[in-house]
Amino acid sequence: MDKYIITGGNRLLGSVKISGAKNAAVAILPAVLLSDGVCRIENLPNISDVFAIIRILRELGADVRMINKNTVEINPSHINSFTLPFEMTKRMRASSYFIGAMLGRFKRARVAPPGGCDFGVRPIDLHIKGFEALGAQVTMENGMVDARAARLIGSPVYLDKVSVGATVNIMLAAVKARGLTVIENAAREPHIVDLANFLNSMGADIMGAGTSVIKIRGVETLGGTNYSIIPDQIEAGTYMAAVTAAGGDVLIDNITPKHLESISAKLIEMGAVIEEFDESLRITMDKRPKKCNITTLPHPGFPTDMQPQITTVLSVADGTSIVAEGVWDNRFRYVEQLSMMNANIQVDGKVAVVSGVENLKSAPVFANDLRAGAAMVIAGLIAKGTTEIENIELIDRGYEDLVEKLTGLGADIKRVTINEPSAVKQAL
Ligand code: UD1
């Protein structure tokens, strides 16, 4: 178990290179199952969620070769199992993508219900609705989701609610189905587009990804590919939020500025100055953040995965801000930790009223989940004194080289091992 020790108060200066997108990687890696060839994937983030999926692929029988820390070559042709037990799925929501991928490949999937960050109820009813529309029968057998189909036939699928996971899973199941699948009210996140581009690079026929109507014409086979994953919108947004809170002047490099528009707009409202280039942006901040109201929504709205980080910035803003969570039922549990650091935040259901204070004060805190953990790191960077953050294995799930990147910007942060090696080191 490791913890972070952060001494706050340093402005952030310099440049930081953003890694590949976690949520694209965890969809693209299971999608490799659908290929008949070797897939080489670059710009893979070096994070524990990625290693967990790679471990699953290996356990299933795939040949996986790490070319370097951000490039992998996978030959899935020897995979012959469609079963994923709970030990493999309990840590990660994205393990549910193996249902769609296995169904697409074997017309059968037995996968234990997915785990992942706890933001309240996280059903998969829309995923199942999609599989059933394609002709699969889905039952719960011995605690496993059991999906089977004699054959998958393309079909219209209307999602009652915009769901990233259901959109991904239905794309995976439909890509080799017979005929045309049309997903209506589909999620439009950049990682949905990235998955479609990846599948198309293997020979799939997917149109409309990035809009709310995705059309998938089934193909018989998919071949190998060379593909580079898009930059991580949320990792970039987290560093931008850190600069807005701590002050500084930072080049956020290796990004797609368009993916960051909703985040940039709010940080500009708070007083940050942002200059965009082709694959980078410069963010400068030299004053106390201004208050600002935010509602999280599916893309292109403000991402829920930036909500804890932005609330932390607003905790030291001049004035009172309202943050409304529009995606998850229970995503303010970390506020208790921020309150221990002197934040003044009242939560009522899915709304937080954030009364800005002049300073946060250090306290021992822990990461409730991945993005809540990132929020604690930002809190530590701005707090007076030295903050210790535990449970940081959850932060390892989504942030590559966090200490190195922040130290490179002048932050005072170190990682200390309490007793045994961290999860990410074991996975490596
Ligand atoms: C993904 C992201 C997660 C992000 C979320 C919303 C990954 C691996 N995770 O999670 O980081 O916070 O998108 O941007 O990409 N819902 C249903 N029925 C379903 C599925 C979802 O009611 O079958 C509801 C959920 O309870 C939630 C909303 O739809 O209220 C959005 O969930 P969804 O977009 O599916 O989130 P995930 O794919 O789990």
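User: Which helix gives the most to the shell around the ligand?

Analyst: This is a predicted model, and in it helix 1 (22-31), helix 5 (125-133) and helix 6 (164-174) each supply at least two residues of the shell around the ligand. Among the residues that come nearest to the ligand are Asp125 and Leu126. The helix that gives the most to the shell, with three residues, is helix 5.

User: How far is an oxygen atom of the ligand from a polar backbone atom of Leu126?

Analyst: Polar contacts count here when a pair of N or O atoms lies within 3.5 Å. An oxygen atom of the ligand is 3.3 Å from an N or O atom in the side chain of Lys161, and an oxygen atom of the ligand is 2.8 Å from a polar backbone atom of Gly165. For the polar backbone atom of Leu126, the distance to a ligand oxygen atom is 2.7 Å.

User: How much of the accessible area of the ligand does the protein cover?

Analyst: The ligand takes up the space of the largest pocket, and on its own the ligand has 740 Å² of accessible area. Of that area, the protein covers 91%.

User: Is Glu73 buried or exposed?

Analyst: Glu73 belongs to strand 5 (residues 71-75), and its side chain is joined to that of Arg40 by a polar contact of 3.1 Å. Buried means under 20% relative accessible area. Because Glu73 has a relative accessibility of 18%, this residue counts as buried.

Technical notes. Residues are numbered from 1 along each chain as its sequence is written. This is a predicted model: local features need pLDDT of at least 70, side-chain atom pairs count only at pLDDT 80 or more; totals for chains, interfaces and linings use all residues. Side-chain values use heavy atoms; hydrogens and water are left out. A residue is near a molecule or strand if one of its heavy atoms lies within 4 Å of it. A polar contact is a pair of N or O atoms within 3.5 Å; within protein, one must be able to donate a hydrogen and the other to accept it, and residues adjacent in sequence count only if both atoms are side-chain atoms. Accessible areas come from the Shrake-Rupley method with a 1.4 Å probe; for residues, only the protein chains shown count as cover. On a 1 Å grid over the protein atoms alone, a cavity is a set of points where a 1.4 Å probe fits but cannot get out, and a pocket is an open set with protein on both sides within 12 Å along at least five of seven lines; lining residues have an atom within 4 Å of a point. A molecule sits in a cavity or pocket if more than half of its atoms lie within 2 Å of its grid points. Helices (H or I, at least four residues) and strands (E, at least two) are DSSP runs, numbered from the N terminus. Buried means under 20% relative accessible area, exposed over 50%, partly exposed in between (1.4 Å probe, protein chains only).
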